[in-house]
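Student: I would like to learn how to read a few features of a protein model. Could we work through one together?

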Amino acid sequence: MADISALIGALQGQQISFLEQEPLSRHTTFRIGGPAAVFCLPETPAQFLRTLELCREHGVRTYLLGNGSNTLFADEGFDGAVLCTTDLRTPITVTGTTVSAAAGAPLSAVCREAQKAGQPVIAETCPQYLLLDESAYAERDGPKYIMAPPLRTKADRAALWEGLADGSISVAATDHCSFSLAQKRERGKESVLDCPGGVPGVETRIPLLFSEGVLHGRLTLPRFVDVVSTSPARLMGLASKGRLEPGADADIVVIDPTDERLIKTRNLHQKVDCTPYEGMVVRGWPRHVWLRGEPIIFGRQLSGYAGQGRFVPRTL
């Protein structure tokens, strides 16, 4: 049984930083049912290991953000810390691009070795980290690309594709954030640190990963299905989702691999005034979508209706 209050007291006793409950509750990951969680911010490998021990003792899931700004991630060998925790058997979720910048170890390599050692480490990445790199910040509208973790190098992109292909990275998500470009410019005009982070991507995730992954030979078709659907559903405890089997929901997406389009903000439906993928040519867009056996998009035309959605409980 998770005991958040006791964990917070223990963290305070060890002088380990963490996010307060009120702002933490606004983060989707922590707001939607499932196990109790706390976002810890250890500053040294010793604090990192002690954090995992405390989370295990109090039954609390541990989340880490590899944003490179924390000394643990950037300078002190986070990869070694992960590998040292095999005996703790504490599930870890890692989001990011690189988690050990000093050693040049990409997230995929760190997680691959940890998984081989039996550590239940789950990693995810997003299309922006697979398709964009740090050169985007030199553009006139560089603030458009502000996100956490930040964009990295072309070599990091290649390592992430490798991790998606071999399974060391389990999920390709979006981290969709619909801040407008005007909001980013206004809030970040005095300091980049005040600019809201995150980029929109919920509508472009499937076509980008299909086009750049499957059609460019980086992912097999079964692996593509796994990283965009099967694994996310399994890891989130959505038992009726992510698979086409008797007893599962008949959620089906049919992709047209010949449908080639130039991505333009004005042609998207994300209700935001920019996209980081503006001008990219992408081939392979959804043509039909069924939700529990009912068509909600047919021939690229919306046929869904208000009230069609249902709450899906998690079973973790």
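Tutor: We will go through a sheet, a helix, some salt bridges and a surface patch. Keep in mind that this is a predicted model.

Student: Let us start with the sheet. What is the order of strands in the open sheet of four strands?

Tutor: Strands of a sheet pair through backbone hydrogen bonds, either parallel or antiparallel. Here the order is β9-β10-β11-β12, and the pairing is antiparallel. Strands β9 and β12 (301–302) are at the edges with a single partner strand each, so one side of each has no neighbour in the sheet.

Student: How many bridges does β11 make with β12?

Tutor: Strand β11, residues 294–298, pairs with β12 over two bridges in the antiparallel sense. To find the pairing by eye, look for F298, which stands opposite Q301 of β12.

Student: How many salt bridges does the structure hold?

Tutor: Side chains of opposite charge can pair when their charged atoms come close. This structure holds 17 salt bridges. One of them joins K189 and E186, with the closest N and O atoms 3.0 Å apart. K189 is exposed at 54% relative accessibility, and E186 is partly exposed at 47%.

Student: Where does K241 lie, and is K241 buried or exposed?

Tutor: K241 lies in the loop between α12 and β9, and its relative accessibility of 16% makes it buried. The side chain of K241 forms a salt bridge with that of D251, at 2.7 Å from N to O. Both residues are in the loop between α12 and β9, so the pair ties together parts that are ten residues apart in sequence. D251 is partly exposed, at 27%. Beyond its neighbours within four places in sequence, K241 is in contact with A233, D249, D251, L291, R292 and V312.

Student: Which parts of the chain does the salt bridge between R287 and D256 link?

Tutor: In this salt bridge the closest N and O atoms are 2.5 Å apart. The pair links distant parts of the chain, with R287 in strand β10 and D256 in strand β9, 31 residues apart. R287 is partly exposed at 27%, while D256 is buried at 12%. Salt bridges with shared partners join D256, D259, R261, R287 and R300 into one network.

Student: Finally, the surface. Which residues form the nonpolar patch there?

Tutor: The patch is made of L244, I252 and V254, which together have about 240 Å² of accessible area. L244 lies in the loop between α12 (221–235) and β9 (252–262), and L244 is exposed, with 63% relative accessible area. K241 lies in that loop as well, but K241 counts as buried.

Notes
Residues are numbered from 1 along each chain as its sequence is written. This is a predicted model: local features need pLDDT of at least 70, side-chain atom pairs count only at pLDDT 80 or more; totals for chains, interfaces and linings use all residues. Side-chain values use heavy atoms; hydrogens and water are left out. Patches are made of residues with over 30% relative accessible area and no salt bridge: like charges are joined within 9 Å, nonpolar side chains (Val, Leu, Ile, Met, Phe, Trp, Tyr) within 5 Å. Accessible areas come from the Shrake-Rupley method with a 1.4 Å probe; for residues, only the protein chains shown count as cover. A salt bridge is a side-chain nitrogen of Lys or Arg within 4 Å of a carboxyl oxygen of Asp or Glu. Buried means under 20% relative accessible area, exposed over 50%, partly exposed in between (1.4 Å probe, protein chains only). Contact means heavy atoms within 4.5 Å. Two strands pair if DSSP finds at least two bridges between them.
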